[in-house]
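Take a look at the sequence and the 3D structure below. Then read on for a short tour.

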Amino acid sequence: MLSCKACLWILVVACLLSSGRMLVHSPRTGEDAAENERRSGQRFAALRDALPQRGVIGYIGQSKDSVGHYYLAQYALAPLVVDSSPNHPLVVGNFPNTLPQNLPGNLKLLRDFGNGVLLLANEDAR
Amino acid sequence: MAIALAGILCLLTGFVIVALGLHLLPTRSTLLLGISLSTGFGLAVFSIIYFLARWSGFLHLWAIDAAVCALLLIALTPLRKHRISAAPNVEAPDQATPRCLLIAFALASLAAVYCGITYAVARPYGSGWDSFAIWNLHARFLFRGGINWRDGFSPLIPWSHPDYPLLLPAAIAHFWTVMGRETSAVPAVIGLVFTFSTVGLLFSGLDILLGRTSALLGAMCLLSTPFFIDLGTWQYADVPLSFFILATLVLLHLHDRLAKGGVESRSTLALAGLAAGFAAWTKNEGILFLLTMLLTRMWLTSRQPSPGRRPISQMAPMLLAVAPIFALIAFFKRAVAPPGDLFSDLATMLHKLGDPSRYWAVLKWYGRELIRFGEWWLIPLPIVMLVLYFLLKRNVTREEKETVRASAAALVLTLAGYFFIYLITPRDIYWHLRFSLNRLFVQLWPSAIFVFFSALGGEPLTARRGDTEPQVQQPETASQNGTKSFSC
């Protein structure tokens, strides 16, 4: 039967093995550069200056699957509340990968900030 | 400069609160315990100050911080002289610590510190979605929102969980406000502070109560849990919550050790209540822990009643400390936050509770995650610890056994509460389990390590260096031999 001392040593060895694994998997410099860029909100910096200081704005994005892009847009544009709906007078268009061929008919492009960031007006919501 | 001053003020505020509540003989271990507790307590107080200042519109934070710290210092001054002379020594006896264990601990510490810092530097905006979708987003609304800060708790963005308590976001916003600008360094540093304060708290708590060998082994178990170190830098609230849960248990064990030696330390009990309240102010899961902890303490107090005192009056200091924080949370939930999204209508919840397949699904995930949540390599630590538990004879006195049982029961009941929430979750159960269960286990992991080593008792792990000066508290059954000692 395993002695207590042996078991304690197994505990110490198990700890050191996991510490070693942690070291091996520690991130390298610049490894997460693209993700950091996304989280920094730089894409939305110019748009933020063009929007009102507070209130609720609408949002239209790539697809239902890109919910992370919507969250990041809200994070960048706080303290504005970004509602995931185009039914607001001002609507943010967020298309980080490809710009859409056609926008819904009631949305009018006010300004293209580049990098897939658009400011749109919903004429029906006025 | 502003950040350094604010940091010092925060630490000092926490330190004075801890000094008011805890009066032990000053040693290296009690100093480490004090510093580890001070960081979390200071940040918690800063978050409450910020929330109240934001709510009242009186945002002169420097003045408020300085006034709070000064008031606490004034309250401490008359007590200090008396307390230093009367401070009891509760420390475990001097132990012969194997050098190889010290080396292993040093290696694990270096690896954890290196990885923690590289994670924080490589991912200054945190990791995972909750950092930007919940915690830092709320901090931005508090900081950027001005008088419209309540917009951040709009039901239009339910995915940001506007009902989550504000300890972490308000502490971040506090530092941003005194600096006058936002920087990702603040949440990153707060994450690291909580991570390593938890390690310091575990080490010092075990060192004081059980001895150096248990402290080294226990802290090493935590330092060598890759997911704990990783999650600490994600800028989530799970590690801060784990800190406050552990702080509550360590303080309760200290109180019971003091009480066993005839020292009735109500202020230590109040400090434990404060820690449990801060846990509830960190995350909704903390509210569950607070309730289970109060329940188990009530049970413990009813089993060990003091002559002429009812259990409720024995718990009064703790309840009095919890009350204002509970009132703050209730105010936040009623006046600021929209309702949470975990509870649906009663009929739906009952239907889910009657579905056996949901119990089986959650049970399977619990079993699977138990051995893999820490992302250990080759040997999962909970398995080794379970084997150790059955191999080593428990060697604690009856009173301490009761304390350990109460702490273990609080953790098990909290886990049972999580189980219940998974059963009734309105979300897809597998999705919910997949993206949260490992973090819930991390919330309880430091406390589980603490309770595990407390259940073992210090003696089976070590040989004593010999009789030392008389101690106020000693386990009555402490063995003098070192038959099961841990040596190189």
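This is a predicted model: local features need pLDDT of at least 70, side-chain atom pairs count only at pLDDT 80 or more; totals for chains, interfaces and linings use all residues.

Residues are numbered from 1 along each chain as its sequence is written, chains are lettered from A and ligands numbered from 1 in the order in which they are written, and side-chain values use heavy atoms, with hydrogens and water left out.

Start with chain B. It has 19 helices and zero strands. Helices (H or I, at least four residues) and strands (E, at least two) are DSSP runs, numbered from the N terminus. Of the 488 residues of chain B, 60% count as buried. Buried means under 20% relative accessible area, exposed over 50%, and partly exposed in between (1.4 Å probe, protein chains only).

Now zoom in on one residue. S197(B) sits in helix 7 of chain B, residues 185-209. Is S197(B) buried or exposed? S197(B) counts as buried, because its relative accessible area is 8%. Leaving out residues up to four places away in sequence, S197(B) touches S36(B), T39(B) and F243(B). Contact means heavy atoms within 4.5 Å. With T39(B), the side chain of S197(B) also makes a polar contact of 2.7 Å. A polar contact is a pair of N or O atoms within 3.5 Å; within protein, one must be able to donate a hydrogen and the other to accept it, and residues adjacent in sequence count only if both atoms are side-chain atoms.

Next, see where the two chains meet. Chain A gives 47 residues to the contact, and chain B gives 60. About 4,800 Å² is buried between them, with 74% from carbon and sulfur atoms. Buried area is the accessible area (1.4 Å probe) that two parts lose on being put together, summed over both. On the side of chain A, M22(A), R39(A) and Y75(A) lose the most area to chain B, together 16% of what that side buries.

One salt bridge links chain A and chain B. The side chains of R54(A) and D151(B) form a salt bridge at 3.2 Å, N to O. The term needs a side-chain nitrogen of Lys or Arg within 4 Å of a carboxyl oxygen of Asp or Glu.
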